[in-house]
There are 2 protein chains.
Amino acid sequence: MEVFYSRSFEGGFCTLDLEESGHCVRVLRHREGDEIFVIDGEGTLYTCVLTEASPKAAVARVVKEEPDWGAHPYWLQMAVCPTKNLDRYEWFAEKATELGLDEIVPVIGEHSERRVFKPERLRRILLSASKQSLKGAIPTVAEPLSVKEFIRASSPDDLRLICCCFEGEVPRLSINDVLAGGQARIVVLIGPEGDFSREEAALAIQAGFIPVHLGPSRLRTETAALTAVEAVYLHHI
Amino acid sequence: MEVFYSRSFEGGFCTLDLEESGHCVRVLRHREGDEIFVIDGEGTLYTCVLTEASPKAAVARVVKEEPDWGAHPYWLQMAVCPTKNLDRYEWFAEKATELGLDEIVPVIGEHSERRVFKPERLRRILLSASKQSLKGAIPTVAEPLSVKEFIRASSPDDLRLICCCFEGEVPRLSINDVLAGGQARIVVLIGPEGDFSREEAALAIQAGFIPVHLGPSRLRTETAALTAVEAVYLHHI
């Protein structure tokens, strides 16, 4: 199933942008009357019939709307420090999108080697991952901020977890045990290769974040982040 | 913690091969008397003292042995059809090693686009992933065989699961429900991008494989494979 993306829906018609129109008409050779599927990136799948097979601005008539298409039964925000090697971060983001998450927040920790992150490229990756994995909603990518700013801005209404490695120093629960509580809004904070600073961890715990562990294995940053997403996903299947 | 690998232990001494010796002596500049850590790839970590800092064949005296170093409390064999894009398969194998598994079997399905697979490169990747994630045992990579050959050779004593996508046609349990049984030896069979053939799925079920699903998301082959490893891993933390 091929899915297109558009933000432009008006009067029961949808227009594809230049890139999507070219893919639809030039590459896939769709013609007037063909049925195509379009997501709005906010959760709805539109079944449409192509009315103008323009390779620059294809237009289609909406015949059916499916809200919450490919939705998951939780809200998950992953605040993860970008890795030194960006491929690994983008890999995590693609896989997390396949499984199901709502927002990625690139947070910069005091021990982060990568201190600058441009979200644009990641947003394009999540768009194509969402289309590929048949999800109507595309996870958002927040503007980068510091770990401490993120902690201060977080809401006590959410189940907020921090995966830190200060073994022995900070008592930690297994992420499974915490998820067993069944909260629907979950925030997971994952530190950089060099872990959080003690100040960051203390601030998070003071703010109400629950220190959790992801089991005995020594996981890379991106593997730890994906394991947290898997734990939430598998908890709901 | 830097870990070296050697298969050559004799009379309380361990010898590193050319590559590991060069890394130990030339790159990391270890000298006689330095403490180094060596795994045998079969589960034991050896704490050693370098006695000959040769960049071609470094020798170290074993002072301590830790069996089952970084071991996991289950035995997991993943029989996964190699993906068209090998990077994705290698990525799965690296991540699965970080989490914990025992053997990867590259199986070729009737719908597999990739029909040839050379295990050597993957073995090197698993060696470095095992060192990086501090595991004494390196997962083995079997020689490729067909899905049907693998099914016929599998043992009824193991908990054998097949992840197939014939939704509605084959009644499937959630992998969590099946793992709740608590068996320690687990085999998971994952098909190619085009799924198993009906004959392969029927043969597996007839042989006693339990059809399982990995939840509602549409996952790529390598994501499905890693999700199965995560389910087993998370079930044991």
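Predicted model: local features only at pLDDT ≥ 70, side-chain atom pairs only at ≥ 80, totals over all residues.
Two residues are in contact when heavy atoms of theirs lie within 4.5 Å. By that rule, 31 residues of chain A are in contact with 31 residues of chain B.

**Chain A**

Chain A has seven helices and 14 strands. Its C-alpha atoms fill a box of roughly 65 × 35 × 30 Å along the principal axes. Chain A has 237 residues, and 56% of them count as buried. Take the contacts between residues at least 6 apart in sequence: 73% of them join residues at least 24 apart.

The surface and the charges come next. Chain A exposes about 10400 Å². Carbon and sulfur atoms supply 50% of that area. The side chains include 26 positive and 36 negative ones. The centres of these two sets lie 5 Å apart.

**The pair**

Two copies of a chain are related by a rotation about an axis and a shift along it. How is chain A laid on chain B? A turn of 180° and a shift of 0.0 Å along the axis do it, with an RMSD of 0.0 Å. That is the relation of a two-fold axis. In chain A, the C-alpha nearest the axis belongs to Glu230(A), at 3.4 Å from it. Both copies use the same surface: 100% of the contact residues of chain A recur in chain B.

The size of an interface is often given as the accessible area lost when the parts come together. Here are the values for this pair.

| Item | Value |
|---|---|
| Residues of chain A in contact with chain B | 31 residues |
| Area buried between chain A and chain B | about 2600 Å² |
| Share of that buried area on carbon and sulfur atoms | 50% |

Which residues of chain A lose the most area to chain B? They are Arg218(A), Leu234(A) and Ile237(A). Together they make up 23% of what the chain A side buries.

**One residue of chain B**

Ile210(B) sits in strand E14 of chain B, which covers residues 210-213. Is Ile210(B) buried, partly exposed or exposed? Its relative accessibility is 27%, so Ile210(B) counts as partly exposed. Buried would need a value under 20%, and exposed one over 50%.

Leaving out residues up to four places away in sequence, Ile210(B) touches Leu159(B), Arg160(B), Leu161(B), Ile162(B), Leu173(B) and Val178(B). Arg7(B) lies 203 residues from Ile210(B) along the chain. The C-alpha atoms of Arg7(B) and Ile210(B) are separated by 38 Å.

Key
Residues numbered from 1 in each chain as written. Chains lettered and ligands numbered in written order. Heavy atoms only, no water. Helix = DSSP H or I, 4+ residues; strand = E, 2+ residues; numbered from the N terminus. Buried < 20%, exposed > 50% of the residue type's maximum accessible area, 1.4 Å probe, protein only. Areas by Shrake-Rupley, 256 points an atom, 1.4 Å probe, with all protein chains shown as cover. Lys, Arg positive; Asp, Glu negative; His and termini not counted. Charge placed at Lys NZ, Arg CZ, Asp CG, Glu CD. Least-squares fit on C-alpha atoms with pLDDT ≥ 70 in both. Buried area = accessible area lost by both parts, 1.4 Å probe.
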